Protein chains: 2
Amino acid sequence: MAWLPELEAATLASLPTAHSNPELARYYQLIRDYPERGGKRLRGQLVLLSAAAHGGDWQQALAVAAAVELFQNWVLIHDDIEDGSDERRGRPALHHLAGMPVAINVGDALHVYMWRLLHSDACLALPRWREVIREFEAMILRTAEGQHLDLNWVASGRFDVSETEYLTMVTLKTAYYTVIGPLRLGALCAGLTPDPRFDALGRHLGVAFQLRDDVLNLLPEVTTGKEFAGDLYEGKRTLILAHLLSCTDEAEKAAIIARLNQPRSDKRAEDVRFILSAINRHGSLAYAQRLAEAEAAQGLALLSELAPTLADSAAAAELTGLLKSLVRRLH
Amino acid sequence: MAWLPELEAATLASLPTAHSNPELARYYQLIRDYPERGGKRLRGQLVLLSAAAHGGDWQQALAVAAAVELFQNWVLIHDDIEDGSDERRGRPALHHLAGMPVAINVGDALHVYMWRLLHSDACLALPRWREVIREFEAMILRTAEGQHLDLNWVASGRFDVSETEYLTMVTLKTAYYTVIGPLRLGALCAGLTPDPRFDALGRHLGVAFQLRDDVLNLLPEVTTGKEFAGDLYEGKRTLILAHLLSCTDEAEKAAIIARLNQPRSDKRAEDVRFILSAINRHGSLAYAQRLAEAEAAQGLALLSELAPTLADSAAAAELTGLLKSLVRRLH
């Protein structure tokens, strides 16, 4: 894991530090806040391991991997505002520390620092730099489309979201930038055209990752760095909820939706306990967990076909290990 | 003004239109909403006229000029949320049409479409493409720093903002992307190194533009597309306010600050009338207008020195005309 400290260093080195104006020095600290909180840096690691597995030098992929990390961080700042989340990586969300207006602006600045990394000499030197840039654009635009569906369902009060619609949303919102994009970017950094089979593989593993994330959010004994049952407080549509609402009679459905629709500030712990109890009674958590396992199994089966075709078998084994840990995550 | 319809077409052509999923088709409409509202497209025009005045072909600068317009639009979406603005170009602000979470995400997507234009073949073909990109990064980062100061003064309840601090903020927040950046980008599109004197010229004219904007916002008979006295409803720090608070005794100062500090939803028309009456009594509007005229005169004097050094005198004359209209704007 020699790459992990280098990935962290490359990510933080791309951000501003000192400013003679104390208000702007504080602003630079806000820009560095989420990136300095750490996190697993899964997506950046995937870029590096994919580059190495494709026979490339992972160090040449460092700037691209760090840019993926910056993407994750500015998206989380804006996500936390959009979803009304209270916590991130075990600390208050940025808009709780700095106020919503300042936090939006900090996210925008971090977005520019991300592109600045992708325009750095190290990136411009990549033989497939143009394709890297196109991949990045497509990755962010897909993520924003998925995010729109997710937010719009909440904004428009839609609860009749089908399992298929949910899986489409999650593929756009999560699978692309969590797995598909990083695997493809690694191949491009190694100077190769990405194998199109990565798309299906990444879709299954990315969906499994998000489903597992939704399940973990409702397990009180798990420490994720996010608030327990935050998804219910925020009224998010999840597969768990889609399953639950397909099992209930009209009266129970109405009682659940009324509680989910409460504005976050009016939502009481007993509202959330009411929904959690229905989720357990109808086996919706177990259903989502089973689907997560099925998606993971399909993705890992494709991976076991693809991994032997990669140039560097040792790196391919590490990549496989990281992808397995991604879908079997315990926190 | 042959370039104006082409600028508009290039801006809108860079944005997505149809999608088979009706929710995503609606999302594309939201992305196009602010750009389709029109506006004066001053900054994009400045890029084109600066390129032509420097002896370049304005059509080669179209993608960069359109990218400046997209920048303006995504910044306005986020600005309107950050400031709690109600109107933009005579219509409700985007977050009033789509909700705050969706509007943040739409602004982020528009930000990516802006970079996509700057990565287009037309831009990559520019001999000084790398410098164009660096200029763009610097322009946005400076704007975000100015925006931070502006937002942070409101967030932290600071009212002891000096005239110098205000002018620093306005130079960062407005002058850079309104005048300095576009003039420099035009030179780069024409293949030339920007004359460093553009910086001082653009600072004076950009500050004059913002001061005039602040004055116009408090003239009830003027239609700006923004709400009359919106700055007072939003509690913005302006030079008008800095002057006012330097003229009042402690009791009047406290009465004004108490009204400005009211959350927007609690602010009544009579609170705003109270502040407006103090502004008129102390001559603060006239003071800001005089300073705007002095800044404009300094900028235009520098321009009259610089314009004759430009390669294309007809285009330089048009550029001068546009910059004059910028600082003498009546709406």
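A residue counts as buried if 20 or more other C-beta atoms lie within 10 Å of its own. In this predicted model, B:S284 has 25 other C-beta atoms within 10 Å and is therefore buried. The residue belongs to helix 15 of chain B, which spans residues 284-306. Leaving aside residues up to four places away in sequence, B:S284 is in contact with B:I240, B:H243, B:L244 and B:I279. For B:L244, which lies 40 residues from B:S284 along the chain, the separation between the two C-alpha atoms is 5.6 Å.

From this local setting we can turn to the contact between the chains, to which chain A and chain B each give 30 residues. On the side of chain B that touches chain A, the elements that supply two or more residues are helix 2 (22-36), helix 4 (62-83), helix 6 (100-118) and helix 8 (129-155) of chain B. Helix 8 of chain B gives the most to that side, with 12 residues, and the side of chain B that touches chain A is made up, by class, of 16 nonpolar, 8 polar and 6 charged residues.

As for confidence, the model has an ipTM of 0.94 and a pTM of 0.94. The average pLDDT of chain A is 94, and 98% of its residues score at least 70. Within chain A, the highest confidence is found in helix 6 (residues 100-118) of chain A, at 98, whereas the lowest is found in helix 11 (residues 230-234) of chain A, where the mean is 86. Where pLDDT is low, the predicted coordinates should not be read in detail.

Definitions and conventions:
Residues are numbered from 1 along each chain as its sequence is written. Chains are lettered from A and ligands numbered from 1 in the order in which they are written. This is a predicted model: local features need pLDDT of at least 70, side-chain atom pairs count only at pLDDT 80 or more; totals for chains, interfaces and linings use all residues. Two residues are in contact if their C-beta atoms, placed from the backbone, lie within 7 Å. Helices (H or I, at least four residues) and strands (E, at least two) are DSSP runs, numbered from the N terminus. Ala, Val, Leu, Ile, Met, Phe, Trp, Tyr, Cys and Pro count as nonpolar, Asp, Glu, Lys and Arg as charged, and the others, Gly among them, as polar. pLDDT is the predictor's confidence in each residue, from 0 to 100. A residue is buried if 20 or more other C-beta atoms lie within 10 Å of its own, exposed if 12 or fewer, and partly exposed in between; C-beta atoms are placed from the backbone.
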